[in-house]
Amino acid sequence: MSAIPQLQATQPRRGPGLRHMSPVTRRRLLWGILFISPWLIGFVAFTAYPVIASLYYSFTDFNIINRSPNLVGWSNYADLFQGREDSWKSMRVTFRYVAMLVGLATVFDVFIAMLLNMNVRGLSLYRTVFYLPVMVPVVAASLTWVWILNPSHGLVNGILARIGIDGPNWLASEKTALFSLVIVSVWGSGRAVLIYLAGLKEIPQHLYEAASIDGANPWRKMWAITLPLLTPQMLFNVITMTIFSFQSIAAPEIMTGGGPNKATLLFGYQLYRVAFERLKMGFASAMAWILFVVILVLTIFMFYGSRNFVHYER
Amino acid sequence: MTAAVARRSTDWSLVSQRLGAHLSLIFFGIIFMLPFLWMVSSSLKPSAEIFEIPVRLIPKTFAFTNYPDAIESIRFLRYLANTFIYAVGLMTGAVLSNVFIGYGFARIDWPGRDIVFIIVIATMMLPAQVRFIPLFITYSKWGWLETFAPLIVPAFFGNAFFVFLVRQFMLTFPRDLDDAARVDGANELMIFWRIVAPLSKPAIITIAIFDFMWGWHDYINPLVFLRDPDKFTLSVGLRLFFSQYGAEWALLMAAATMFTLPMIVVFFFAQRTFIEGISFTGVKG
């Protein structure tokens, strides 16, 4: 209670606009700011300040050992564009990883959600089965998959051996390592299945009935009704998946260490190594900003690029 | 007569469709469950059997001693307690802060609110990597790196995703509810505490469960910000054990099983919260 008069007493200096507000509006403003104040404080301390500091560091040669960073202008960015610390290599690997993951996960998750939407009996059991991998902590999942993909004693090559196939050395071969990381991520993408399923349930049934009357077969219904009306969920999942997988550190850190021969050196993980293993904080800050810009541009591109084929009329 | 025939023939195509759906779901379902089976089966194999060829899913003899062995050699109980402290701290901070903040965005009309809310949403786009380095420096200056503070304290200042979730939830309550209370002379704190917060219980439960799970899962924040091995969580501790004893698969899988099990239990107790919470964010997002 006593907070209100206090706030009012200190506020009027905030700007000339405040004096022109009606008392009701002013009171609302003060209450609003009071309620969001934890966020405001956290935003300044844990977001705004680090963002500005990181931008500053990116123009310095800062490392943990020399505690006085010198300004070096654009040279971190220039080095980055010349491929220092495997910047191009890791960016290429990341694009390949994200493209494979988003493509494969979208096709698979939509397919599973469509199967679940066919009024099958035991829906909740199936749904649990596809969601349960999400509950496995990333370290437990990564370790389990390292063991599953073990070339001689792992489950996958064990099964392949039974049917007479000599399985590859999944995580240690340049050809299969990145794909193996993709498979592990698809295994853990059950969240998207639930979102697609919720989207499918919102499609009005009468559309299908009308299509049946017009003699449309199931295949045609899928392409003309189901998939177009599922595009909002697809856009949401594709964007969130892209944002998250661009930052991925844990899976390469635990499963491959970026190898073999840098085949799984994802950009977010390489950034972590440059910052906390090589202690080149200035250079790593520049990498972080490049990562941010790439994610931002891709997200904006997907938002606007999708405008012509995402349905929002429901 | 023709109608009956028509109905029967459509029934048949429906039956075959359903059968196809079941068979596909069972096929992929088994593949999705295999990693779990492999994890548990490896955790029960005696060390002689772990490297046996051909690979078998069901151990010939069950070595339950892997579990006590893992607990002893991985400092499991210490890491478990730390993980619990992290997850509960995160959950407490998230529940206390986000409901309060969400009220400010959902139930009070103040000038500039929508612009500030856009900033809240925009922070979700920022990669964690941008903040790691400055925060690491700041925390080390504050002497936080030897404590749990870098992991838990930020949770008390809200999180964009949860603020969004609470706001969307609170927007669904009728306006008359608080207007009536306002006419009766209640101020915003009273309305928040007596009316809106109690009604937001489902959102609060969702936040609590999601953030507990997040704390339990998290690997990167403990990896970057925990410098004291006595404060390591299971994620970092297991990773450390793996880099030291990479071939001890029976122990590693026993630890992974014990690490995962609480999450499975949480899921089965809170299944509806998970499914509704996720569907909600996806459809509204």
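## Thr257(B) and its neighbours

Leaving aside residues up to four places away in sequence, Thr257(B) touches Met39(B), Val40(B), Ser43(B) and Tyr67(B), where contact means heavy atoms within 4.5 Å. Thr257(B) belongs to helix α14 of chain B, residues 249-269. Helices here are DSSP runs of H or I with at least four residues, strands are runs of E with at least two, and both are numbered from the N terminus.

Is Thr257(B) buried or exposed? Its relative accessibility is 11%, so Thr257(B) counts as buried. The cut-offs are under 20% relative accessible area for buried, over 50% for exposed, and partly exposed in between, with a 1.4 Å probe and protein chains only. From C-alpha to C-alpha, Thr257(B) and Ser42(B) are 9.9 Å apart in space, although 215 residues separate them in sequence.

## About the model

This is a predicted model, in which local features need pLDDT of at least 70 and side-chain atom pairs count only at pLDDT 80 or more, while totals for chains, interfaces and linings use all residues. Residues are numbered from 1 along each chain as its sequence is written, chains are lettered from A and ligands numbered from 1 in the order in which they are written, and side-chain values use heavy atoms, with hydrogens and water left out.

## Chain B as a whole

Chain B has 15 helices and zero strands. Its radius of gyration is 25 Å, well over the 19 Å that the globule rule gives for 285 residues, so chain B is more spread out than a compact globule. That radius is taken over C-alpha atoms, and the rule is 2.2 Å times the number of residues to the power 0.38. The C-alpha trace of chain B spans about 85 × 75 × 30 Å along its principal axes.

Of the 285 residues in chain B, 53% count as buried. Looking at contacts in chain B between residues at least 6 apart in sequence, 72% join residues at least 24 apart.

Just after α3(B), Arg75(B) takes a positive phi of about 55°.

## Aromatic rings

Rings of Phe, Tyr and Trp (its six-membered ring) pair if their centres lie within 6.5 Å; planes under 30 degrees apart count as stacked, over 60 as edge-to-face and the rest as tilted. By this rule the count comes to 48 aromatic pairs over all chains. One of them joins Phe59(A) and Trp74(A) edge-to-face, at 4.9 Å centre to centre and 85° between the planes. Both residues lie in the loop between α3 (23-57) and α4 (75-81) of chain A, so the pair ties together parts that are 15 residues apart in sequence. Trp74(A) is exposed, at 61% relative accessible area.

A further edge-to-face pair is Phe95(A) with Phe246(A), at 5.4 Å centre to centre and 85° between the planes. This pair links helix α5 (residues 87-116) to helix α13 (residues 231-246) of chain A, across 151 residues. Phe95(A) is partly exposed at 38%, whereas Phe246(A) is buried at 2%.
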